[in-house]
Structures are given as structure tokens and as C-alpha cells.
Amino acid sequence: MAHDTTVRRIALALTTSLWLAAAGPAAAADFWRCTEGRWTAVGQPRHPMPERPCGSRLAVPREQAGCEAAGGRWGPAGLFPAPICRVPTRDGGRVCADSGECEGECLAAPTPAERDRLRSGRPIAATGTCTPHVPVFGCQARVVEGVVHGILCRD
């Protein structure tokens, strides 16, 4: 009787482990998180700690003069003809595993097979690169805590 209970528990644990492995990404990438004003590693990130100050956000001016003073480009972007400011980021092109690590967004470049997986609702573990400017338009695979959950189109 005790042997049957042990075998059932092992079988249940194995089934649960296999289900969790199939339901989620195989292994989420390790990333950096801003906690109480400091960058802290979640897991063991292979990429360097972000250079930007923890907790800071890149301001996007709403007026042409402020935009140009910030080094931005004023004009239409995306599908809408109304002009907006597109501000360059200092960390564009930097490897990242979470959008919180970037002044802009952390975007992955999924392979065709990974895109198919995302379209079917299955997330992928990924790292990406920080965007060269904000805001960002088009279809994107945003990385959050080392995982891409889908493709979002923003115009």
C-alpha cells in the first residue's frame, strides 16, 4: 500500500513537471531588475548590467522645440500624420532580456519557427536588443523577464 502511494506521488510529480515544461517556455533568460534604486540580477544574466540609472525613464517632449533640443526628430511616425517626437536612446543595440533594462523597449528578432510558436499562443525564452529610439512602431516581439509572449503591432 505504501509502495502504491509512493509510485502515485512520483507519477503525479513527473506528469506535473512535464506539463509545466510543455506549457511554458523551456528556460527563461536571466535578466536585470530595478529594485529600490539598484540594478539586481534575476538569475545569472550573461549580458552586462544596464548603464542607465535604475528607475530613470527617457522623456519624450511633446513640442517641436523641446524635441529638437533633446536631439529628437519631429515629424509624422507610424500610421498617423500628426507630428510627434522620436528621441534617440543611449542604449540602442545593447543586449537585453527585459524592456525595463532599456531606455526604450527590449525587442527580440524571432525566427520563423519562433514566430509560428508565438502565433499559436506559446511563449519563447529570448533575449533581444534595446531600441535605438522611442516611441517604436510596427510589429514587435517585446521581451519581458526573458520571455516573449506574442507579437504586438503598434502603429
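A disulfide links Cys 96 and Cys 106, with 2.1 Å from sulfur to sulfur. It is found in a predicted model and is one of five disulfides in the structure. The protein has 155 residues, of which 31% are buried, and its secondary structure consists of three helices and 12 strands.

**The disulfide of Cys 96 and Cys 106**

- The torsion about the S-S bond of Cys 96 and Cys 106 is about 100°, so this disulfide is right-handed.
- The pair connects distant parts of the chain, since Cys 96 belongs to strand E5 (residues 95-96) and Cys 106 to strand E6 (residues 106-108), 10 residues apart.
- Cys 96 has a relative accessibility of 0% and therefore counts as buried.
- Cys 106 likewise counts as buried, because its relative accessibility is 0%.

**The disulfide of Cys 67 and Cys 85**

- The sulfur atoms of Cys 67 and Cys 85 lie 2.2 Å apart and form a disulfide.
- Cys 67 is part of helix H2 (residues 64-69) and Cys 85 is part of strand E4, so the bond ties together parts that are 18 residues apart in sequence.
- A torsion of about 85° about the S-S bond of Cys 67 and Cys 85 means that the disulfide is right-handed.
- Cys 67 counts as buried because its relative accessibility is 0%.
- Cys 85, at 3% relative accessibility, also counts as buried, the cut-off being under 20% relative accessible area.

**The disulfide of Cys 139 and Cys 153**

- Cys 139 and Cys 153 form a disulfide in which the sulfur atoms are 1.9 Å apart.
- Cys 139 lies in strand E10 (residues 138-142) and Cys 153 in strand E12 (residues 152-154), so this bond ties together parts that are 14 residues apart in sequence.
- The link of Cys 139 and Cys 153 is right-handed, with 105° about the S-S bond.
- Cys 153 has a relative accessible area of 45% and is partly exposed.

**Pairing pattern of the cysteines**

- When the bonded cysteines of the protein are numbered in sequence order, they pair as 1-2, 3-4, 5-7, 6-8 and 9-10.
- In general terms, a disulfide is a covalent bond between the sulfur atoms of two cysteines.

**The three-stranded sheet**

- Three strands form an open sheet in the order E3-E4-E9, and their pairing is antiparallel.
- Strand E3 (73-77) and strand E9 (133-134) are the edge strands, each pairing on one side only.
- Four bridges join E3 to strand E4 (residues 80-88) in the antiparallel sense.
- Arg 73 has Arg 86, in E4, as its bridge partner.
- As a general point, the strands of a sheet pair through backbone hydrogen bonds, either parallel or antiparallel.

- Trp 32 is located in strand E1 (residues 31-35).
- Trp 32 counts as buried because its relative accessibility is 15%.
- The side chain of Trp 32 comes to 3.1 Å from the backbone oxygen of His 47 and to 3.4 Å from the backbone oxygen of Pro 48.
- Beyond its neighbours within four places in sequence, Trp 32 contacts a set of residues that includes Trp 39, Thr 40, Pro 45, Met 49, Asp 98 and Glu 101.
- From C-alpha to C-alpha, Trp 32 and Cys 96 are 8.4 Å apart in space, while 64 residues separate them in sequence.

- Gln 140 is a residue of strand E10, the strand in which Cys 139 lies.
- With a relative accessibility of 4%, Gln 140 counts as buried.
- The side chain of Gln 140 reaches the backbone oxygen of Val 136 at a distance of 3.3 Å.
- Leaving out residues up to four places away in sequence, Gln 140 touches Leu 107, Gly 150, Ile 151, Leu 152 and Arg 154.

**The protein as a whole**

- Of the contacts between residues at least 6 apart in sequence, 53% join residues at least 24 apart.
- The protein exposes about 10,000 Å², and 58% of this area is supplied by carbon and sulfur atoms.

How values were computed
Residues are numbered from 1 along each chain as its sequence is written. This is a predicted model: local features need pLDDT of at least 70, side-chain atom pairs count only at pLDDT 80 or more; totals for chains, interfaces and linings use all residues. Side-chain values use heavy atoms; hydrogens and water are left out. Helices (H or I, at least four residues) and strands (E, at least two) are DSSP runs, numbered from the N terminus. Buried means under 20% relative accessible area, exposed over 50%, partly exposed in between (1.4 Å probe, protein chains only). Contact means heavy atoms within 4.5 Å. Accessible areas come from the Shrake-Rupley method with a 1.4 Å probe; for residues, only the protein chains shown count as cover. Two strands pair if DSSP finds at least two bridges between them. A disulfide is a pair of cysteine sulfur atoms within 2.5 Å. A polar contact is a pair of N or O atoms within 3.5 Å; within protein, one must be able to donate a hydrogen and the other to accept it, and residues adjacent in sequence count only if both atoms are side-chain atoms.
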